Every structure is written in C-alpha cells, then in structure tokens.
Amino acid sequence: MKSADFQPATLAAHGCGHTDPVHGAIVPPIQPSTTYERDPDYQLINQARLYSRADNPNYDACEALLTELEGGAASLVFSSGMAAATAVFQALASGDHVIVPPVFYWALRNWLFGFGARWGLKVETVDTTQPALVAAALKPGVTKLIWIETPANPNLAVADIAALAEIAHAAGARLAVDSTFATPVHSQPLALGADLVMHSATKYLNGHSDVVAGTLTTRAADDHWQRLKLVRGQVGGVLGPFEAWLLQRGMRTLFVRVERQSRNAQRIAERFASHVAIRAALYPGLPSHPGHAIAAKQMRGGFGGMLSLRVHGGAPAALNVARKVQLWKRATSLGGVESLIEHRASVESPGSGTPDDLLRLSTGIEDAGDLIADLEQALG
Ligand SMILES: *Cc1c(COP(=O)(O)O)cnc(C)c1O
C-alpha cells in the first residue's frame, strides 16, 4: 500500500498496511525480546536491533503510522507523554532559554520550573495566544524552544501555530506543539511550520484508558532529533512491547472515535453555553471562544472532544455537579471512549491558577443525548 494514495483515516484503519511476511497475519505480532543475536562474525543479524532500551519492533507500526498522520519525517514512542515531553527539554543545553504559556499540562510545568530550572534551563512564561508578546520575549541565539499546547489543558486556549512558527524560526528557535487535545484527526502542526509534535498517547491515540504512552514526531530528522533519540535510549523512557502493540491497535480506530467525540463535545458546548447554571463554556468550536477564528483556521473537521464548563457558585457548586453525575465518570485523564468529568483544581497543586469553578469534560463516544441529559440533571 503506497501511503501517498490514501487518506489518513484509511492509513490508520489499516495500521499502515502491515502484513506479517512469515504467516500472512494482518496484525503485527508482539516481540518481547530484550536482546538480539549476532552472527559468528559478530554482526547484528539483518542489521537488526541491539537491545530493547533503544527500540523494539513493536514501535515500528506506531511510529510509521504517526509519521504519516502528522506528515513528519520520523516519530518516536515513549513510556508516557511526560517522558516524550521532558525528552524535548533534555535534548537542550543548560542555559538555553525556552518560552512556555501560562497554562499548559500542569505536571510538565511543575517539572520544568522544578527540575528544568535546577538543571539550568531558563524557562519564561509568555502568553502564547499573543504572538507579538512572544516575538518581544524571544532572545535570538539564546531562545532555543517555544513550547505550546493547543487547545490547552484545561482552559482550551488556542495558540496560532503558523504565526508562532514564523516568529520562532526568524530567531533561530524551534516550535514544539503538545497536540494531545487536537489529535492528528483535527490538526497537523508540522504542516503549519511547527518543528515537533508531542502527544500524550495515553489519551486519544490509544483511546481506551488502558495504556500510558507518549509520542514525538519531527518535521526534519535534524541534530535535535538525533539528540532526542539518544535521550530515549539513554534515559530509558521506553514503552513495553505489549503497550506498543495495544497503542497501534488503538490508533486504528482513531478517526471514528475522535470524529464522534468532537461531534458530542460540540453539541454539549452549544447546549450548555447558555444554561442558567453555567458561567462560561470553554470550547474552541463555539464562535464566542476567543480562539475560535484561529482554531477554525488551523483545525479541520472539528474542535476536539475536550471542553470545560465554569459553573456559577464556585468550588462547592462545581463539586456538587461532579457528585451528582451518574453517566459521566469522576476520574482524571481524557481521550477514552467513556466520558470523564474532573474538578481540575482538586487534582492540580495549590496555586495552579485553574479556577475552582471549572469542570473539565472529556467527551466519550456515548450517545450525545444521554450525556446531555446526565449533565442537565446534575446541574438542575
Ligand atoms: C496527559 C497529558 C500529558 C502527559 O501525558 P502522560 O501520558 O500522562 O504522561 C501531557 N500533555 C497533555 C495535554 C495531557 O493531557
């Protein structure tokens, strides 16, 4: 199957067209071996692998498919989204200046301002929804990376990927995008000029709340990418073969899941934007969202399955809604086929800045009417 001939949804469904050359099986086998034999001349057989802390045959299908879906040059899978994201920063040097938004995945922010700062990274917070502010904060030659997340967790803020890529490149910096919420179904940051795309594959890529994994895809197999590969092999944030196999299986249904999740989220956002108990519905698919125009320009086919609702009455009211839902599950994480609701401020560390009246909703693939009815009774 020549990938150029097919649409991304087709490539995903076929898992990049793998057929087992030995048995004709249409799904890949699981290869648990940690090591690989050498021939009597001490050469690796078939130029094969050396040791499973560097990579594993079960990564091949995931990485090849993701590279196709993102339109990149190469991909790497990691043991978690955090392992993937932190590798990007570990491939930088002490003293490098990096720009991050005020709101992004809180565990990564904690790591950057804790370990990253101790390790010598100069981390600066700039409102990345305002490209002019980013341009003013860039230090040519010193700023090595702009990190953005769009739509962002949990306020759904939208950053202009194309504008930020241009600004970054003019100053000799790279742009990395955490595209976990957008998924390759709705967004291809590399085509807009970004240098790296990261996913918490724990979320939509796997989609079944049963694997922790992360991915990176690069636009060019350049020196930074070579360092990233080294980081994975040396630090050892490698995915187990079974998890990689589950991930490639999950990715085959990515498009049907995400299309349904986004439709459900759009309907829920529209229904509750004007509900008497709701202060604000945060969803980039709503024309009232401050990032709607940019989201409409850089996303296609929908705006993702994530939304946040801010309720009147502060934390007690928000927690009361979470208490009363019967179908939505009270749990952290997102991107699975089942809908989850989370009072984010209870989960993040104090001072995270997340409003305490905010409920983050990860919309699943259930019937939209059932999801709406459950929220209505919980808000009523
Ligand atoms: C979950 C998440 C991460 C971290 O990924 P893990 O797989 O949990 O390590 C990073 N970014 C975003 C946007 C996430 O939702």
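This is a predicted model: local features need pLDDT of at least 70, side-chain atom pairs count only at pLDDT 80 or more; totals for chains, interfaces and linings use all residues.

Visitor: To begin with, how far does a polar side-chain atom of threonine 202 lie from an oxygen atom of the ligand?

Guide: The distance you ask about, from a polar side-chain atom of threonine 202 to a ligand oxygen atom, is 2.6 Å. Serine 200 also has a polar side-chain atom by a ligand oxygen atom, at 2.8 Å. Aspartate 178 turns to another element: a polar atom of its side chain lies 2.6 Å from a nitrogen atom of the ligand. Of the 380 Å² of accessible area that the ligand has on its own, the protein covers 93%.

Now to the shell around the ligand. It comprises 15 residues, and Met82, Asp178, Ser200, Thr202 and Lys203 are the closest. By class, six of the shell residues are nonpolar, six are polar and three are charged. Helix α3 (81-90) supplies at least two of the shell residues, and so does strand β6 (196-200).

From here we can follow α3 to its neighbour, helix α4 (residues 106-118). The two helices pack at an angle of about 30°, their axes 11 Å apart, and α3 passes α4 in a right-handed crossing. On the α3 side, the contact is made by Met82, Ala85, Thr86, Phe89 and Gln90, while α4 brings Ala107, Leu108, Trp111 and Leu112. This contact has seven nonpolar residues, two polar ones and no charged ones.

Note on methods. Residues are numbered from 1 along each chain as its sequence is written. Side-chain values use heavy atoms; hydrogens and water are left out. A residue is near a molecule or strand if one of its heavy atoms lies within 4 Å of it. A polar contact is a pair of N or O atoms within 3.5 Å; within protein, one must be able to donate a hydrogen and the other to accept it, and residues adjacent in sequence count only if both atoms are side-chain atoms. Accessible areas come from the Shrake-Rupley method with a 1.4 Å probe; for residues, only the protein chains shown count as cover. Helices (H or I, at least four residues) and strands (E, at least two) are DSSP runs, numbered from the N terminus. Ala, Val, Leu, Ile, Met, Phe, Trp, Tyr, Cys and Pro count as nonpolar, Asp, Glu, Lys and Arg as charged, and the others, Gly among them, as polar. Axes are lines fitted to C-alpha atoms, for helices over the stretch in contact, and angles run from 0 to 180 degrees between N-to-C directions. A crossing is left-handed if the near helix is turned anticlockwise from the far one by less than a right angle, and right-handed if clockwise. Contact means heavy atoms within 4.5 Å.
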